[in-house]
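Hi,

Here is the structure I said I would pass on. Have a look at it first, and my notes follow below.

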Amino acid sequence: MIGVLLLLLLLPFLLYIAAPQIRKMLSSGVCTSTIQLPGKVAVVTGANTGIGKETAKELAQRGARVYLACRDVQKGELVAREIQIMTGNQQVLVRKLDLADTKSIRAFAKGFLAEEKHLHILINNAGVMMCPYSKTADGFEMHMGVNHLGHFLLTHLLLEKLKESAPSRVVNVSSLAHHLGRIHFHNLQGEKFYHAGLAYCHSKLANILFTQELARRLKGAGVTTYSVHPGTVNSELVRHSTLMRWIWWLFSFFIKTPQQGAQTSLYCALTEGLEVLSGNHFSFFMVSFEEQKFLILMKSHLSIFSFITCAFGVLSKKLLPSPRSQRFITVFFQQFYSFNIKFRSMILLFFFLNFILFTFYTAGSFFFNIFIGI
Ligand SMILES: NC(=O)c1ccc[n+]([C@@H]2O[C@H](COP(=O)([O-])OP(=O)(O)OC[C@H]3O[C@@H](n4cnc5c(N)ncnc54)[C@H](OP(=O)(O)O)[C@@H]3O)[C@@H](O)[C@H]2O)c1
């Protein structure tokens, strides 16, 4: 008893000690490309904090001239100074860009095109999540307006420069949340129905669709494009949701640091030979069909596990009739036994259908991803 109590008391401390290792395990590696970027020009949106800041820092570290495209120039200047001191690269510049205002986007692009001869890397990173319902200066729903339409316009305005600078790359920072996204053309501005969480998911799906279509249209132009899921990252993204802020705080020891979160963007921006995968979605350093494979495995295993567990639960009265052998059945099973046979069979059926559904769904999207390119 004392031992258990001691263990419980020690648990937070042990977790605290183990947290960096657990985080490292979950962070799925670093971008190992050794490529250096002297003479290269990069733009990173939303670079004054979080993943964008770390992405910009790494590009500056490798010698690129990096533009921090920020809506808060003062914050941007502080970060630029910090990056200059850390990397010794003085070519870290801040320019005003508010993606919630097309005038600001056009002004940024105009200034950039006048100032720079080249653009080799464009990282469309800035994003908002779970904002209360609001609209951009041009009347677009905020998530769709900032996360997708703003970046869409920015990329369009810089496209000729990207083509002139080929080989060049566009990286769109999306999210795993795209799985829940749907493009509701009848309610694009969220006027008929609005859910802050889903609005984010829709905009992140738009990032992926944009990436695929851009890749298709730019085939042969020397400009390649990738969308990425950076992982779950301890950043300011959750600022609009108290619940999410608590969850992030609670798990802050285990989720990725912004530096770890920047790795997939950097991987797509820097890795040599990635051109053939233009248009793909990268997650955990894998192309989307790898992600799909991973999901199939996860979901199928989970469902098979649940199915077998429940089947065992239903049958075990027959298989394990003696009370002695039933002692081996876990607390979960004891709970399960408190239900009558009909209810147990229903749960079994539920998991079985779940298994069929998930397997077919994920296998279907896997198939589409590889063979049809959706
Ligand atoms: N954190 C995660 O777990 C996670 C997971 C999946 C995907 N992502 C994606 O990763 C990207 C970076 O997010 P993060 O985690 O680094 O979040 P963050 O720390 O909140 O950074 C977001 C950046 O976007 C900027 N931004 C917001 N609205 C803008 C606007 N209207 N115009 C220009 N810049 C604007 C912010 O500027 P201000 O500081 O001025 O607000 C900030 O620099 C986002 O696209 C996000 O959707 C993050």
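V233 has a polar backbone atom 2.7 Å from an oxygen atom of the ligand, a polar contact in the sense of an N or O pair within 3.5 Å. On its own the ligand has 890 Å² of accessible area, and the protein covers 98% of that (Shrake-Rupley, 1.4 Å probe).

A word on the source: this is a predicted model, with pLDDT of at least 70 needed for local features and 80 or more for side-chain atom pairs, while totals for chains, interfaces and linings use all residues. Numbering runs from 1 along each chain as its sequence is written, and side-chain values use heavy atoms, leaving out hydrogens and water.

Back to the shell. There are 31 residues around the ligand (a heavy atom within 4 Å), and R71, N125, Y200, V233 and S235 come nearest. By type, the shell splits into 13 nonpolar, 12 polar and 6 charged residues (Gly goes with the polar ones, Tyr, Cys and Pro with the nonpolar). Helices α2 (50–61) and α6 (196–217) are the elements giving two or more residues each (DSSP runs of H or I, at least four residues).

L243 sits in helix α7 (residues 242–250) and counts as exposed because its relative accessibility is 60%, the cut-off being over 50%.

Cheers

Definitions and conventions
A polar contact is a pair of N or O atoms within 3.5 Å; within protein, one must be able to donate a hydrogen and the other to accept it, and residues adjacent in sequence count only if both atoms are side-chain atoms. Buried means under 20% relative accessible area, exposed over 50%, partly exposed in between (1.4 Å probe, protein chains only).
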